[in-house]
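Hi everyone, thanks for making time. I'd like to walk you through one structure, and please keep it open on your screens while I talk.

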Amino acid sequence: MVSIRQLGALNRTYRHLTRYRQILRILFKYGFHDLVDYLHIDHYLETGLQMINRKPHEQIFRYSRPERLRMGLEELGPTFIKLGQLLSTRPDFVPPDYLDELRKLQDNVPPFSYQEVQQIFREDQGKDPTEIFSDFSVTPLAAASIGQVHLARIASDSLKSTRRSPKNQAASQQDVVVKVQRPGLEKIIAVDLEILAQIARLMEDHFEEIQGHQPTVIVEEFTISLSREIDFTIELANIHHFSQLLSRSSNIYVPEVFPELSTERILVMERVNGIKASHVAELKKQGYDLPLIAERGANLVMEQIFVHGFFHADPHPGNLFILPENKICFIDFGQMGRLLLKDRENFTDFILSITSGKESEAVNGILKMTIHRGEVDRDRLSLDISELVGRYMHLPIGELKVEKVHLELLKLLSKHRLFLKPNLYLMFKALATVEGVGMMLAPELELLALAKPFMKKIKLDRIHPRRLVDDLSATSYQYLSLIRDLPGETRSILTQLRQGRMKLEFKHRGLRPLERALYRVSNRIAFAIVLAAQIIGSSLIVLSGIKPRWHGIPVIGLAGFLIAGIMGFWLLISILRRGKL
């Protein structure tokens with residue numbers, strides 16, 4: 001990855017500098033000049049970039065700081081919108097008033113032209129859309145930050161290599177939706193992610209209170225997630241996998257996809273005609289059974305999480321269509337979560353321990369679900385867990401609300417500098433989202449009560465004879481592998497010691513401020529030396545009396561003094577802007 005320091009040195013590119021300038025301009029525009037100063041971003045940039053207008057319009061301060069942050073992220077584009085949406089799920093990291101605004105972030109962006117759609121098709125498929133589809137809508141159905149969707153129709157006999165359902169095989173024409181990625185998106189996101197990575201490092205350096213939240217790790221996870229989301233072949237594979245795992249359920253419908261027509265930037269899938277889960281009035285009007293839909297939707301998400309460990313991470317109402325016979329259709333498989341079996345077991349242990357009042361088990365469950373640096377004060381953690389358990393142990397599990405438990409858990413973890421594993425954040429987000437959708441359809445829905453049978457099965461499976469045999473076999477194999485590899489590994493270590501190739505790495509923390517101070521001082525000294533040389537040189541030229549002259553004084557000498565004067569003021573202003581002489 002390219003860092004800001006690299007940008008300021010050898011690997012500087014016009015594209016990165018231009019984007020950095022845009023980011024700074026927008027931060028200043030929305031009144032976040034203090035953030036730029038705290039992070040010392042301008043120390044790393046070219047002097048020319050420091051000439052950006054730092055004064056925001058006074059009218060912008062009519063809006064609250066969280067509102068200005070949301071507006072700034074929307075103007076910065078898809079990477080920052082997605083980052084804001086991710087942060088809206090982190091109440092441990094973001095204050096409540098900011099969370100409310102970040103949740104409003106929408107992918108409201110204008111569509112791109114049909115000519116650009118044609119260009120992408122020619123580059124990826126070698127053909128124009130009209131050569132592939134019997135009908136292709138020039139006007140997009142919807143546009144978002146990642147891409148836009150067009151309606152199309154294709155002759156069924158041209159889809160011979162695609163496995164299709166009996167219903168669709170019978171049709172001579174297939175209605176499809178074509179998702180086309182926004183042009184140039186990958187390059188923009190790559191630059192933004194590099195810049196975000198460096199900003200995260202600066203935050204860790206300058207904001208001691210958020211060091212424990214590891215913003216660099218958040219950006220790394222975000223980079224992986226976004227990189228997967230913009231590769232449509234991964235989304236296509238997700239749909240295939242999702243469809244196979246849930247093929248036995250009659251309550252769900254997964255749209256068919258067409259791999260032969262899809263690429264990394266184009267995704268073609270069956271058009272589904274249903275009613276969005278958010279259109280409650282329309283569902284009631286059409287006679288749908290809303291409590292049944294809410295229960296089925298919750299059970300489907302439970303099955304994905306607790307049985308398969310592969311789940312739709314963004315089941316908001318816009319991504320759920322309701323079909324006849326109260327079937328549920330998931331769409332948009334760009335953001336999927338995965339959970340290892342041990343993570344599902346640890347989460348189950350934690351939920352059951354807090355409802356049964358088992359504090360020590362709850363502490364163990366929390367430590368297994370989190371990442372921590374340094375020693376954990378178990379006594380203090382036990383006391384806090386005891387308080388949490390005391391709050392919930394008398395409640396039936398059905399009265400627990402996922403979002404509330406999640407929020408209180410994150411506050412507790414933040415206090416002890418513990419951090420949930422990344423995929424558990426996605427799991428909580430999926431559960432909280434489906435809980436919200438379920439309560440919108442049926443307010444009496446008790447999500448965790450529906451989860452209880454799945455949790456019970458996980459606990460029973462743990463003591464199943466086949467599972468015990470499998471675990472014993474796996475452990476024995478690992479020990480045997482360790483014993484087998486031990487002589488070779490020992491020999492390798494001794495060889496490196498004997499040859500003097502053994503290395504120990506140390507990482508110094510807290511040296512960045514000193515490094516920047518030395519960098520700044522050396523720059524000023526060099527600038528002052530050049531300035532002194534300029535004055536001396538100009539003086540010698542004036543004394544020499546060489547032509548051309550103006551009022552008897554050599555013009556070259558005067559120009560030299562003028563340049564020296566500008567340089568002197570420049571240096572003085574730069575020092576005063578730092579607040580120190």
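Let me start with a term: when I say two residues are in contact, I mean that they have heavy atoms within 4.5 Å. And please keep in mind that this is a predicted model.

With that in hand, which residues does Thr348 touch, not counting residues up to four places away in sequence? They are Phe306, Met455, Ile458 and Lys459. Thr348 itself sits in helix H15, which covers residues 341–356. Is Thr348 buried or exposed? Its relative accessibility is 0%, so Thr348 counts as buried, the cut-off being under 20%.

Now to the nonpolar side of things. In the largest nonpolar core there are 114 residues. Phe306, a contact of Thr348, is among the residues with the most contacts inside that core, together with Phe242, Phe330, Phe347, Phe350 and Met427. The element that gives the most to this core is helix H19, residues 422–441, with 11 residues. There is also a second, separate core of 17 residues, and Val117, Ala152, Ile266 and Val268 are included in it. As general background, nonpolar side chains in soluble globular proteins tend to be buried together.

Let's stay with H19 for a moment. Of its 20 residues, 15 are buried, so the helix is mostly covered. From first C-alpha to last, H19 reaches 29 Å, close to the 28 Å expected at 1.5 Å a residue. And what does Met427 contact, leaving aside neighbours within four places in sequence? Ile305, Phe311, Leu339 and Phe347.

Last stop, the strands. Strand E9 runs over residues 320–323, with Leu320 and Ile322 pointing one way and Phe321 and Leu323 the other, and all of them are buried. E9 pairs with strand E7, residues 275–276, in the antiparallel sense over two bridges; in that pairing, Lys276 has Phe321 as its bridge partner. E9 is also joined by four bridges to strand E10, residues 327–330, again antiparallel. Here Leu323 stands opposite Lys327. What do E9 and E10 form together? A hairpin, with three residues between the strands, and Glu325 in the turn has a positive phi of about 65 degrees.

That's my tour; I'm happy to take questions.

How values were computed: Residues are numbered from 1 along each chain as its sequence is written. This is a predicted model: local features need pLDDT of at least 70, side-chain atom pairs count only at pLDDT 80 or more; totals for chains, interfaces and linings use all residues. Side-chain values use heavy atoms; hydrogens and water are left out. Buried means under 20% relative accessible area, exposed over 50%, partly exposed in between (1.4 Å probe, protein chains only). Two strands pair if DSSP finds at least two bridges between them. A nonpolar core is a set of buried Ala, Val, Leu, Ile, Met, Phe, Trp, Tyr and Cys residues joined through side-chain atoms within 4.5 Å. The expected span of a helix is 1.5 Å times one less than its number of residues.
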